[in-house]
Amino acid sequence: MTSSTSHNTLPRGYQLLWYQIDRVLGRGTFGVTYLATDTNLDRQVAVKEYFPLEFSVRKQDFSVQALNTESEETHLACLQRFLTEARTLAKLNHPNIVRVYNVFESNDTAYMAMEYEQGESLNTLIRGRKLQEETRILKILHPMLDAVEYIHERGFIHRDIKPSNIYIHQNDSPVLLDFGSTRVTPKQDSDTLTQLVSQGYAPHEQYGGGAGRQGQWTDIYALGATFYALVCNRSPVNALERVSAHSSKNKDPLTPASILCAKKYSPKLLNAIDTAMQVIPSDRPESINALRKLFPTLNPTFTDDSSFRQPTSKTSTQSNRPAPIERETFITLRSEIRDYSNTGNSKQRIKNKSSLLNKGTWSFLSVMIASTLAWLWIETPTAIPDETEKEKQTQSILEEPKTNTIKPTTSEAEFAKKPQPNINTNFNDTLTSGEKGPELVLISAQLLRKNASIKNGNSPPTPLPPNVFFLGRYEVSFAEYEQFVNATNRQLPSDSGWGRDRRPVMNVSWHDASAYTQWLSDQTGQHYRLPSEEEWSFAASSGTQTAYWWGDNIGKGKANCSDCGSEWDGNMTAPVGSFKPNFFGLYDTAGNVWEWVQDCSDKTKTYTDDTIAQTEQCNERVFLGGAWNSKASALTSSKRNGDGPELLYRYVGFRVARDI
């Protein structure tokens with residue numbers, strides 16, 4: 001994320017006490033972290049600001065206020081929790097725990113100045129498969145055990161251990177960061193507050209039942225899950241799925257590390273991870289010291305085990321499942337029950353509750369806070385060419401069959417010379433399963449020229465893109481994304497209880513969207529990807545220069561936003577295709593959900609030799625188009641937004657592009 005593109009962050013040069021903001025380091029569910037300069041001591045620090053997007057808003061004077069009166073109580077309660085977290089961290093002094101220098105209040109919110117840790121997050125290293133040797137893994141694991149044990153000895157539990165909260169220095173020394181859910185044990189703050197749960201890393205007891213059900217065993221599960229992701233290179237299964245299977249006496253949906261990664265790492269390492277991740281808390285080690293005894297010591301030798309092959313940097317340990325993408329989900333617990341019941345066999349799961357999910361737990365899980373979001377505004381379309389006319393125009397561009405090969409992005413001039421498939425404006429590629437992929441439409445400047453000539457004899461006034469490509473007719477739906485989820489054994493994102501099927505998939509990160517396009521490429525033999533910002537903007541605007549593709553006024557019933565005059569206004573997503581399409585036949589390019597595109601927010605890191613760079617240095621990716629909870633101004637073609645590629649929201653989805 002960069003200060004130049006982030007409307008919800010403090011600007012570069014902004015002064016907080018003696019801390020001067022340099023740039024944004026990252027954006028999470030509950031706050032923003034900045035790189036700043038301590039002008040007193042002339043050193044760099046990380047400054048974390050409490051700013052939960054779900055129920056807070058930044059005013060023009062940079063203050064952070066509750067979104068509305070309904071969310072004020074939640075906002076203030078979580079603000080107090082943030083301050084408690086900061087003061088908790090300030091009491092800790094350990095080489096593998098981030099150090100807090102200062103805690104203060106300003107702008108009607110709170111800040112925490114911390115030591116600036118340089119390195120890479122463990123999550124980034126996992127995705128890049130940069131940590132595969134067991135000796136390096138143990139070099140990170142044992143200091144982490146020491147750090148968590150230190151926390152427990154002082155009466156605290158962390159409650160949010162996961163790869164993105166662990167930073168790795170160049171010498172492989174780890175540092176434990178964000179205590180986003182730190183609590184003093186066994187004190188319980190409130191059973192009615194919503195929770196921040198990192199799916200796959202949080203054990204089932206974190207989903208309900210109060211702090212009394214949580215303890216050292218909670219962090220032990222999260223440690224096991226973190227190192228499961230590291231050694232097996234896949235996301236751990238949601239703990240709610242595991243506890244449901246256990247309650248119903250069904251097979252555990254989590255494949256043990258000792259089976260999944262056998263012969264890649266020592267049995268002792270894998271068995272220790274499996275033991276830490278036991279569903280029932282009493283089956284886990286009782287303390288970090290007990291867990292430590294299960295793991296191999298540093299610098300182990302394995303000459304006595306001929307079946308074990310120690311991987312090197314040249315040895316692939318890639319599994320069939322994509323690299324793990326963390327699912328940090330801001331949930332209300334009642335919604336989690338509803339979301340979970342949609343994953344299949346719901347009646348059986350709910351019917352077969354065991355002592356793990358007692359009446360008190362389920363009663364707690366039924367509590368939901370109404371965290372009202374900012375619901376804002378939109379407007380009206382012009383004449384749309386009929387389908388017959390568009391098909392005739394397309395046929396003049398697309399004429400002969402083509403071979404089923406992956407092609408680079410094609411220029412307009414090159415495209416005109418090539419034999420092309422005899423297809424209509426929209427079509428689907430076929431997957432290896434025989435099912436159809438997303439419906440695609442041709443995006444070509446020639447189509448716009450022909451239409452402009454037919455209508456008024458003029459060419460479109462806007463600059464035309466140099467490439468011809470296909471773009472998804474609709475935002476990717478839950479039904480389409482579920483094909484990918486089932487084929488790759490991933491977890492289906494939450495639908496917040498709004499329904500799946502034809503609704504746009506949401507709660508997907510940029511990495512999720514990119515993984516989906518890669519899967520489509522593998523399935524079809526074609527080159528799928530996310531569109532570039534330039535491609536998306538041209539296609540969404542239909543080459544017009546007006547605020548919206550239909551004109552300069554938002555009108556009524558043209559899209560789904562906060563006050564667009566639709567039945568879904570400001571409440572939820574609409575099924576894809578609920579409104580009229582633009583000239584190209586694209587639906588929902590304004591509103592419904594923001595759509596990820598390929599580009600970095602920092603344009604200097606996006607393009608290399610006219611191709612879209614996949615740079616690890618890109619800390620924020622762009623999304624466009626506005627959403628169901630956006631103001632009308634956010635739906636305009638010129639509006640640019642973005643966030644960290646690992647983050648996911650219930651107002652962000654995507655559509656796919658495909659090269660010719």
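Let me begin with a term: a residue is called buried when its relative accessible area is under 20%, exposed when that area is over 50%, and partly exposed in between, using a 1.4 Å probe and protein chains only. A second term concerns the elements: helices (H or I, at least four residues) and strands (E, at least two) are DSSP runs, numbered from the N terminus.

The structure before you is a predicted model, in which local features need pLDDT of at least 70 and side-chain atom pairs count only at pLDDT 80 or more, while totals for chains, interfaces and linings use all residues. Residues are numbered from 1 along each chain as its sequence is written, and side-chain values use heavy atoms, with hydrogens and water left out.

I turn to helix α1. This helix has 19 residues and spans 27 Å from its first C-alpha to its last, close to the 27 Å expected at 1.5 Å a residue. The expected span is 1.5 Å times one less than the number of residues. Which residues of α1 are buried? Among them are Thr 74, His 75, Cys 78, Arg 81, Leu 83 and Glu 85. Cys 78 counts as buried because its relative accessible area is 5%.

Leu 83 belongs to α1, which covers residues 72-90. Leu 83 is classed as buried because its relative accessibility is 4%. Apart from neighbours within four places in sequence, Leu 83 is in contact (heavy atoms within 4.5 Å) with Val 103, Glu 105 and Ala 110. Leu 83 and Phe 104 are 21 residues apart along the chain, and their C-alpha atoms are separated by 8.5 Å.

Leu 122 is in helix α2, residues 122-127, and is buried, with a relative accessible area of 0%. With neighbours within four places in sequence set aside, the contacts of Leu 122 are Leu 131, Pro 163, Ile 166, Ile 168, Thr 226 and Leu 230. From Leu 122 to Ile 140 there are 18 residues in sequence and 9.7 Å in space, C-alpha to C-alpha.

Now to the disulfides. A disulfide is a covalent bond between the sulfur atoms of two cysteines. Here the term is applied to a pair of cysteine sulfur atoms within 2.5 Å. How many disulfides does a search of the whole structure find? The search finds 3.

Another disulfide pairs Cys 561 with Cys 564, whose sulfur atoms are 1.8 Å apart. Their link is right-handed, with 120° about the S-S bond, and both cysteines are buried.

A further disulfide joins Cys 600 to Cys 618, S to S 2.0 Å. Cys 600 lies in strand β21 (residues 594-600) and Cys 618 in the loop between β23 (611-612) and β24 (621-624), so the pair ties together parts that are 18 residues apart in sequence. Cys 600 and Cys 618 are buried as well. With the bonded cysteines numbered in sequence order, the pairing reads 1-2, 3-4, 5-6.

I close with an arginine. Arg 500 lies in the loop between α15 (478-488) and α16 (510-524). Is Arg 500 buried or exposed? Arg 500 is buried, because its relative accessible area is 12%. The side chain of Arg 500 reaches the backbone oxygen of Pro 493 at 2.8 Å.

Key:
Polar contact = N/O pair within 3.5 Å; in protein donor to acceptor, adjacent residues only side chain to side chain.
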